[in-house]
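Visitor: Could you take me slowly through one part of this model, the places where aromatic rings meet?

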Amino acid sequence: MAKSGDKSSSTEKKSLKRKAAAEELQDAAFAGDGATESEGQPPKAAAFPPGFSISEIKNKQRRHLMFMRWKQQQRKEKLAAKKKLKKEREALGDKAPPKPVPKTIDNQRVYDETTVDPNDEEVAYDEATDEFASYFNKQTSPKILITTSDRPHGRTVRLCEQLSTVIPNSHVYYRRGLALKKIIPQCITRDFTDLIVINEDRKTPNGLILSHLPNGPTAHFKMSSVRLRKEIKRRGKDPTEHIPEIILNNFTTRLGHSIGRMFASLFPHNPQFIGRQVATFHNQRDYIFFRFHRYIFRSEKKVGIQELGPRFTLKLRSLQKGTFDSKYGEYEWVHKPREMDTSRRKFHL
Amino acid sequence: MATAAARWNHVWVGTETGILKGVNLQRKQATNFTAGGQPRREESVSALCWGAGGETLILVGCADRTVKHFSTEEGIFQGQRHCPGGEGTFRGLAQANGTVITCVDSGILRVWHDNDKDISSDPLLEVRVGPGVCRMRQDPAHPHVVATGGKENALKMWDLQGSEEPVFRAKNVRNDWLDLRVPIWDQDIQFLPGSQKLVTCTGYHQVRVYDPASPQRRPVLETTYGEYPLTAMTLTPGGNSVIVGNTHGQLAEIDLRQGRLLGCLKGLAGSVRGLQCHPSKPLLASCGLDRVLRIHRIQNPRGLEHKVYLKSQLNCLLLSDRDNWEDEPQEPQEPNNVPLEDTETDELWASLEAAAKRKLSDLEQTQGALQTRRRKKKRPGSTSP
């Protein structure tokens with residue numbers, strides 16, 4: 001009631017305010033709480049006690065009125081300033097100074113000292129001889145095992161099936177309550193290179209464990225925003241059997257490089273460009289967004305894309321050095337919220 | 001330049017890629033030293049210890065079972081010796097009276113004669129310690145006494161000059177409340193100064209104190225910390241507490257008199273591989289799998305002092321024991337700078353001084369010459385003739 005009253009009778013309110021101001025001017029002697037300075041309206045602006053603010057008015061309605069008036073004034077001034085600036089820019093034309101770049105959290109990111117310099121030999125050697133070296137030297141080709149936590153529900157099962165269509169040479173197996181530490185040696189003997197375990201909680205997938213097999217690192221992610229194929233609007237037809245291309249965006253730090261290489265080693269080396277399918281892992285502010293698209297070049301510069309496939313968001317919780325051993329394994333990086341999340345502008349990936 | 005500055009490094013760190021890094025915290029510099037010029041993962045450093053003669057020599061134990069000698073004075077690797085026998089990497093390296101003591105994963109502890117020239121492959125002494133060794137540590141007070149421990153390999157104290165049997169063999173604790181045998185996994189051992197006691201930290205997050213002097217072979221004190229395996233341990237300067245680190249990067253100071261947790265240190269993100277405290281200053285150096293060397297201050301106030309990003313995974317470290325950390329950098333700079341920059345100006349001043357002497361002696365004769373000289377070179381001390 002009060003709100004509609006405010007919106008509809010704004011002009012009335014203003015006249016009311018002017019009247020109120022006029023009244024108070026007369027009662028200036030009694031008024032301990034006067035009105036704010038009304039510039040330009042009643043020409044007889046009273047001398048209010050200095051250091052007075054609207055919040056000192058005891059009457060809530062009057063205080064609200066005064067605040068609304070002040071706020072409208074601020075908005076007017078801001079609009080006037082914007083118009084003036086725009087006019088000045090147009091008047092200057094080409095000589096106008098460039099527009100100031102707005103500050104975003106990504107712009108203000110604290111420089112991470114572990115950012116990888118492409119010319120750094122030591123880091124290059126470290127990467128060239130790490131656990132993924134056999135993949136990047138084309139000695140092994142990936143073979144993935146996808147499974148879930150025990151007794152998965154429908155969403156998780158469907159996500160696994162869709163993931164196996166996205167990742168070539170992957171097999172989905174039902175987890176019959178088997179221990180991961182017992183599955184891993186069997187996978188190694190059967191030449192699997194990676195193990196993906198999708199963890200489920202309350203009928204939705206919420207975690208992903210990615211373990212590179214012979215003795216490689218294990219990454220544990222939190223998974224959120226999972227959208228299955230039928231939940232994606234305006235999607236294309238189901239993906240074909242062609243090997244997709246990979247895009248890895250924004251993995252700049254050393255840890256980011258390790259995770260990026262881990263994702264890259266899931267897919268075979270030779271993407272089939274006929275299939276026009278691309279899987280994207282985009283890192284922004286420590287969240288990794290996975291998308292799967294089909295693209296088509298309509299001309300030299302125009303591309304059309306269709307989103308196929310599942311979509312989810314990952315956040316790295318820990319990177320452990322050996323294969324899955326959460327109790328006794330050695331961790332290369334563990335996310336510690338109270339120590340690492342103190343600054344809004346510091347990211348680790 | 002790098003070689004001259006090598007002796008002023010405060011911390012020496014060994015990495016998984018085989019590089020030995022010297023870090024100078026005053027100048028905030030880290031320099032890489034490799035034996036062959038290129039890093040090699042086969043030579044990943046698994047053990048570091050000071051060599052004979054103060055802190056001028058470092059013994060570097062690599063994964064390919066070689067022990068390299070590195071001179072801090074000159075900053076180069078001087079020689080290496082191959083120490084075959086047994087399987088696995090070095091779990092302990094020590095030097096005593098011109099001999100090198102090595103212990104490998106499979107439990108072969110050997111004492112070698114330490115001279116670079118004679119690379120004979122016969123050990124002086126060989127002891128079988130038992131498989132699955134995780135650490136071999138030498139008693140700093142008695143260089144011939146070592147202690148070993150590992151996974152399912154109970155703590156044993158050996159006297160290398162004595163018999164083949166261990167001097168002290170620890171007994172496992174009693175069965176737990178379910179009457180199950182408590183597994184053994186000694187990850188790190190330290191000798192407490194001033195007494196014969198030993199402290200161990202285990203992979204089952206226990207810290208235990210053993211006393212060989214007492215009749216009981218079971219631990220005298222046992223405490224637990226955290227839920228993850230403790231991988232490294234060091235004694236604090238006071239001697240009453242130890243600092244332990246686990247695979248999650250948590251560092252904790254544990255008091256050994258009461259078995260109480262005194263406090264924790266924040267900052268590490270990866271598994272702690274090496275810890276060492278300075279003997280007199282309240283400083284702790286820690287390194288781990290997150291590729292960063294950190295120096296913490298342990299008391300008043302507890303916190304991080306220095307943090308250095310070293311691009312490879314760090315395996316072990318050596319902290320220099322010297323007391324004066326601040327004075328060093330000034331000394332080498334002067335002899336370096338003076339000859340490089342001031343040679344020409346020295347000559348100038350020398351020629352000007354000669355002119356001054358001439359001026360004093362032959363005032364009247366060389367006035368004209370002096371005036372020309374004044375025009376050419378503005379002498380600050382030019383006096384009127």
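**Aromatic rings**

Guide: A:Phe290 is buried, with a relative accessible area of 2%, where buried means under 20%, exposed over 50% and partly exposed in between, with a 1.4 Å probe and protein chains only. This is a predicted model, in which local features need pLDDT of at least 70 and side-chain atom pairs count only at pLDDT 80 or more, while totals for chains, interfaces and linings use all residues. Residues are numbered from 1 along each chain as its sequence is written, chains are lettered from A and ligands numbered from 1 in the order in which they are written, and side-chain values use heavy atoms, with hydrogens and water left out.

Over all chains, a search of the whole structure finds 17 aromatic pairs, counting rings of Phe, Tyr and Trp (its six-membered ring) with centres within 6.5 Å, as stacked if the planes are under 30 degrees apart, edge-to-face if over 60 and tilted for the rest. The rings of A:Phe290 and A:Phe312 are stacked, because their centres are 4.8 Å apart and their planes at 20°. A:Phe312 is also buried, at 4% relative accessible area.

In chain B, the charged end of B:Lys151 sits over the ring of B:Trp185, 4.0 Å from its centre, and B:Trp185 is buried, with a relative accessible area of 11%.

How values were computed. A charge sits over a ring if NZ of Lys or CZ of Arg is within 6 Å of the ring centre and within 35 degrees of the ring normal.
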